[in-house]
Amino acid sequence: MSSLLCPSSTAKPGAALFGVQDATGKIDYLDKPIIVDQTFVDAARQGRAPEERFRFASNCAKNGCGHWDSGGAGCGLVGKIVEAMNRKAEAALVACGIRQQCRWYHQEGAQACANCDEVVRNVRRQELAQ
Amino acid sequence: MENRITDKIKALQNATTSPEEFMKKLAELDEKGHLSQDLLDQVNGGASIAKPTLIDTPVLGIWFPTSIDPTV
């Protein structure tokens with residue numbers, strides 16, 4: 001089985017762009033994700049932080065990520081989001097190009113999707129400059 | 001079902017003449033979704049455990065809602 005995808009990846013070559021934050025702050029999901037390259041990343045860094053405009057997915061780093069919960073052997077972040085947002089899943093989920101490979105969906109099912117479209121990642125600009 | 005952002009990106013793709021140009025134009029896409037500056041100032045995220053962190057907090061990656069439902 002291929003690696004599950006983390007839906008909170010940063011903008012980097014090879015990442016899959018799967019959503020764009022709209023003017024209301026919600027995420028519009030692409031029908032099919034687009035794999036971005038270095039040209040995209042370089043251009044995107046010229047403007048507002050891409051992680052605050054787009055949603056990216058890339059392979060779940062598991063133990064290499066600060067959110068990995070070794071005890072629960074899963075992503076510790078999605079549970080916090082579901083708990084904090086507390087939105088119930090509707091019968092029909094919004095179309096999402098990465099759902100079948102999504103780490104969050106794999107762990108929390110439809111609840112993850114219900115709470116996914118109103119969150120956005122903020123990456124500290126200082127780290128991006130490193 | 002209509003997908004506005006997908007349609008917009010398809011139009012962008014049709015309007016460009018090379019993959020490189022498409023990537024550049026795509027990177028410029030900004031639908032003006034934003035958080036308040038207060039929230040941006042408060043929230044840090046995306047720290048890798050492999051890199052030194054700038055501030056010493058146990059959890060640096062924090063997601064937060066872009067809208068708050070007052071009924072919850």
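1. A:Ala49 is partly exposed in this predicted model. From A:Ala49 to A:Val20 the separation is 29 residues in sequence and 12 Å in space, taken C-alpha to C-alpha.

2. With 16 C-beta neighbours inside 10 Å, A:Lys62 counts as partly exposed. Its backbone deserves a look: phi is positive, about 50°, although the residue is not a glycine.

3. Which residues of helix α2 (residues 76-85) of chain A are buried? They are A:Leu77, A:Val78, A:Ile81, A:Val82 and A:Met85. These residues cover an arc of only 130° around the axis, and therefore lie on the same side of α2(A).

4. A:Asn86 follows α2(A), and its phi is near 55°.

5. For chain A as a whole, the secondary structure comes to five helices and seven strands. Their order along the sequence is β-β-β-α-β-β-β-α-α-α-β-α. The chain has 130 residues, of which 45% count as buried. Among contacts in chain A with a separation of 6 or more, 73% are between residues 24 or more positions apart.

6. Helix α1 (residues 4-15) and helix α2 (residues 19-27) of chain B pack with their axes 9 Å apart, at an angle of about 140°. The two helices are therefore oblique to each other, since only angles over 145 degrees count as roughly antiparallel. The crossing of α1(B) past α2(B) is right-handed.

7. What residues make the contact between these two helices? From α1(B) come B:Ile9, B:Leu12 and B:Gln13, and from α2(B) come B:Phe22, B:Lys25 and B:Leu26. Sorted by class, the contact of α1(B) with α2(B) has four nonpolar residues, one polar and one charged.

Conventions
Residues numbered from 1 in each chain as written. Chains lettered and ligands numbered in written order. Predicted model: local features only at pLDDT ≥ 70, side-chain atom pairs only at ≥ 80, totals over all residues. Axes fitted to C-alpha atoms, helices over the stretch in contact; angles between N-to-C directions. Helix = DSSP H or I, 4+ residues; strand = E, 2+ residues; numbered from the N terminus. Parallel < 35°, antiparallel > 145°, perpendicular 65-115°, else oblique. Left-handed = near helix turned anticlockwise from the far one by under 90°. Contact = placed C-beta atoms within 7 Å. Nonpolar A, V, L, I, M, F, W, Y, C, P; charged D, E, K, R; others polar. Buried ≥ 20, exposed ≤ 12 C-beta atoms within 10 Å, placed from the backbone. Arc of directions from axis to C-beta.
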